[in-house]
Amino acid sequence: CTTSTSKTSTSESSTAENSEKEEEEQQQANEYSDPDAILGLRKDFRSMKVYTIDGEHTNEIDDGLSIESVTKKDGSQRYRIWIHIADADKWAPRHSDIFNAAQRRATSVYTPTGSISMFPTNLCSDVMSLRANKDSYALSLGVELHDDGSIDERTIQVTPSIINVDYRLTYDEVDEMLDMGIGYFEEWELGALLSEANKRRKFRIVNGSTEGFVPNPIPQAELRVEPNADAEDGLDIIVKVETTHNAGYNQSSTLD
């Protein structure tokens, strides 16, 4: 929930917390009409297996992945990858109070002790998020890759959709599932997604992508502050260094 179209106004104290009017709008969000459904544009993808893969403490899940095997006219098989992005526009229509407030904030702000959401917090982490085992509104992109990793532009599909996430996974969990072989058998879709991602990455590197400049993903750091009654100041500072998208080679470490 961090997309924006305007600059933050620092003179408004309302950016620090959601106003009562916005909270009222949040309650009315379910009553907004869905023009994509009315026009017959929103596709029902709830039968499609969907994974979300994020950090352990991520509350706003805004993207998911699916993959399916398709048979071409010549009888050959190919994978079609689906990328699902949370459809925030369904819950915050243009020029609604929620949309205007989010436009003023411009972005969500995250600190070690909390966060200030661009949208009302409950809305952002609830109906705007792709939650496991719940129907969610999304914008879905389907695409197929050639054998060399290039995009087959004839296969690109973009559609409003409704999905139901099967698994809310962390990076560590996916690494473990790949390492143990689960991602190639019971959850073969994870292995297939990894294979397609590696194919695409190789194509990008061959064509000059800076991904080829470093042999491994660059680690990312996460800093959290949690209450601890036994600590001198009542707080614990936790630093987690994580290399995501490890393709089965977990490189995460935590320091308390």
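**Note on a predicted model: rings, core and loops**

1. The charged end of Lys-90 sits over the ring of Trp-91, 3.9 Å from the ring centre. Lys-90 also lies over the face of Tyr-137, at 4.9 Å from that ring centre. A charge sits over a ring if NZ of Lys or CZ of Arg is within 6 Å of the ring centre and within 35 degrees of the ring normal.

2. Basis of the values. This is a predicted model, where local features need pLDDT of at least 70, side-chain atom pairs count only at pLDDT 80 or more, and totals for chains, interfaces and linings use all residues. Residues are numbered from 1 along each chain as its sequence is written, and side-chain values use heavy atoms, with hydrogens and water left out.

3. The chain has 6 helices and 12 strands. These are DSSP runs numbered from the N terminus: helices are H or I with at least four residues, strands E with at least two. Of the 256 residues, 37% are buried. Buried means under 20% relative accessible area, exposed over 50%, and partly exposed in between (1.4 Å probe, protein chains only).

4. Among contacts between residues at least 6 apart in sequence, 62% join residues at least 24 apart. Contact means heavy atoms within 4.5 Å.

5. The structure holds 4 aromatic pairs. Rings of Phe, Tyr and Trp (its six-membered ring) pair if their centres lie within 6.5 Å; planes under 30 degrees apart count as stacked, over 60 as edge-to-face and the rest as tilted. Tyr-51 and Tyr-167 have ring centres 5.7 Å apart and planes at 15°, so this pair is stacked. Tyr-51 lies in strand β2 and Tyr-167 in strand β9, so the pair ties together parts 116 residues apart in sequence. Tyr-51 is buried at 1% relative accessibility. Tyr-167 is partly exposed, at 34%.

6. Trp-91 and Tyr-137 form an edge-to-face pair, 5.5 Å centre to centre with 75° between the planes. Trp-91 is in the loop between β4 and α3, and Tyr-137 in strand β7, so the pair ties together parts 46 residues apart in sequence. Trp-91 is buried, with a relative accessible area of 6%. Tyr-137 counts as partly exposed at 23%.

7. The largest nonpolar core has 13 residues; Tyr-51, Ile-67 and Leu-193 are among those with the most contacts inside it. Such a core is a set of buried Ala, Val, Leu, Ile, Met, Phe, Trp, Tyr and Cys residues joined through side-chain atoms within 4.5 Å. Elements β7, α5 and α6 each give two or more residues to this core. Helix α6 gives the most, with 4 residues. Leaving aside neighbours within four places in sequence, Ile-67 is in contact with residues including Ile-81, Trp-188 and Leu-193.

8. Thr-155 lies in strand β8. Thr-155 is buried, with a relative accessible area of 9%. A polar atom of the Thr-155 side chain lies 2.9 Å from the backbone nitrogen of Glu-144. Not counting residues up to four places away in sequence, Thr-155 touches Lys-72, Arg-78, Gly-142, Val-143 and Glu-144.

9. Two loop residues deserve a look. Ala-106 is not a glycine, yet its phi is positive, near 75°. Ala-106 is found in the loop between α3 and β5, and is buried at 9% relative accessible area. Asn-133, also not a glycine, has a positive phi of about 60°. Asn-133 sits in the loop between α4 and β7, and counts as exposed at 57% relative accessibility.

How values were computed. A polar contact is a pair of N or O atoms within 3.5 Å; within protein, one must be able to donate a hydrogen and the other to accept it, and residues adjacent in sequence count only if both atoms are side-chain atoms.
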